[in-house]
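Please look over the sequence and the model below.

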Amino acid sequence: MEPLALRLKEQGHEVTFLTSEEIFWQKLKFGETHNLISVNSVKSNRSFYLVNSLYQVIIVFKFKLAIRNIHDQFDHLIIGNDGALQRSVIDVFRKHNKKTSMMLDGIITDSSYTLREIFKMESDKAKMLFRFFKMRLKKGLFKLFSRTALNTYLPSEVGWSCVDNIFVIGEYSKRVIERRCCKKTNVFGFGLPRFVKKVVKESQCVKNSIVFFTSAFKWHAKKELHELQVKDIELLITINNNLDESLRKAIIIKVHPRESLDDYMHLLKNENVRLDSQTAPVMFFHESNKLFSNISTCILEGTTYGVNVISMMNHFDYEKYQKSFISSSAIVKTFSDEDVLDILLNGEQGVEEMCYFINTEGGLSDVLGVIS
């Protein structure tokens with residue numbers, strides 16, 4: 001939001017950020033010149049995603065009371081998601097006929113399968129059929145309740161809220177959102193403001209260094225995926241440690257800002273591993289020549305900077321992500337120990353253009369044109 005906020009202020013608009021740090025337990029950094037509204041009256045004893053369902057309902061109810069008159073001060077709401085709390089704010093603005101825009105900073109994918117596709121698969125068809133009907137039921141409930149007053153108290157999926165505009169990262173995500181959003185919602189694939197500053201990969205990158213970007217699985221109450229991620233990191237470290245000393249790489253674990261370093265401290269028993277939670281991700285795009293992760297969108301960003309990106313699927317169920325951006329041929333996947341070893345030993349692979357997913361050309365100006 002920062003690049004967009006600065007440009008809006010240059011145009012004479014007053015910009016205010018609404019922060020809910022006390023609910024999400026996430027430290028956020030705002031520019032010193034921005035106005036801030038903090039919902040201090042609503043607090044949680046840990047991240048909103050990690051408390052039980054009843055407590056979540058109570059938090060949402062209190063939050064709705066706290067922001068019920070927030071529309072009085074503003075003409076336009078620009079929000080970054082439509083989870084329970086975000087939908088609460090959206091509903092207030094829509095109820096009073098105020099403009100609403102959503103900026104989805106991530107890759108929105110359609111991971112559903114048709115029955116025909118499932119029966120063509122070689123994997124466990126019973127498991128895939130269960131997943132198929134579960135997804136259909138889930139999406140049906142999303143659609144049913146997303147247009148009702150109960151929508152803030154029930155689970156949902158990103159992009160279902162009725163807003164005036166939705167800005168997504170590129171054409172692929174645009175097509176997915178258009179299939180689920182309100183008919184009156186305008187969907188734009190302009191790219192996102194944070195891509196306005198594109199760093200060119202420099203030739204003096206540290207060739208002996210690789211980085212693994214973690215995802216905030218545990219913060220989102222996805223403990224099982226967090227454990228699989230840790231297994232992949234441990235595998236990467238083990239294979240690297242088994243190389244001849246002259247071939248070993250320094251491994252940097254770039255810990256997601258929503259995560260705790262404590263969950264990765266045990267990895268430091270390896271002398272060639274270090275943890276990092278402070279360095280901006282973009283710095284690694286021109287300081288490291290290989291970038292590992294599982295399904296982080298940092299993988300996708302890396303391709304726009306010409307970095308070799310690898311998605312580790314060694315412990316993940318790849319069939320769940322076959323229709324996501326991970327499937328692109330620009331992203332190397334590893335499924336076995338041998339795949340990881342080959343990546344560590346061999347040089348750089350070619351990186352093809354990813355405009356199918358990301359549009360960085362004039363994105364900020366286009367967004368401003370619609371909003372202002």
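In this predicted model, the largest nonpolar core holds 33 residues, and Ile-166 and Ile-177 touch the most other members. Two or more residues each are given to this core by helix H2 (21-24), helix H3 (53-66), strand S3 (76-79), helix H4 (84-95) and helix H7 (171-178). H4 supplies the largest share, six residues. Apart from residues up to four places away in sequence, Ile-166 touches Met-102, Leu-104, Gly-159, Ile-177, Cys-181, Thr-185, Asn-186, Val-187 and Phe-188. There is also a second, separate core of 22 residues, with Phe-212, Leu-243, Ile-251 and Leu-267 among them. In soluble globular proteins, nonpolar side chains tend to be buried together.

H4 itself has 12 residues and spans 16 Å from first to last C-alpha, close to the 16 Å expected at 1.5 Å a residue. Nine of those 12 residues are buried, so H4 is largely enclosed by the rest of the structure. The buried set includes Leu-85, Val-89, Ile-90, Val-92 and Phe-93, but also Gln-86, Arg-87 and Ser-88. Among the elements covering the buried residues of H4 are strand S1 (16-19), H2, H3, S3 and strand S4 (99-103). After H4 comes Asn-97, which has a positive phi near 55 degrees.

Val-158 lies in the loop between helix H6 (125-145) and strand S5 (165-167). Its relative accessibility is 25%, so Val-158 counts as partly exposed; the cut-off for buried is under 20%. Beyond its neighbours within four places in sequence, Val-158 contacts Asn-81, Asp-82, Leu-104, Ile-108, Ile-177 and Arg-180. Asp-82 is 76 residues from Val-158 in sequence, yet their C-alpha atoms are 5.9 Å apart.

Key. Residues are numbered from 1 along each chain as its sequence is written. This is a predicted model: local features need pLDDT of at least 70, side-chain atom pairs count only at pLDDT 80 or more; totals for chains, interfaces and linings use all residues. Side-chain values use heavy atoms; hydrogens and water are left out. Helices (H or I, at least four residues) and strands (E, at least two) are DSSP runs, numbered from the N terminus. Buried means under 20% relative accessible area, exposed over 50%, partly exposed in between (1.4 Å probe, protein chains only). Contact means heavy atoms within 4.5 Å. A nonpolar core is a set of buried Ala, Val, Leu, Ile, Met, Phe, Trp, Tyr and Cys residues joined through side-chain atoms within 4.5 Å. The expected span of a helix is 1.5 Å times one less than its number of residues.
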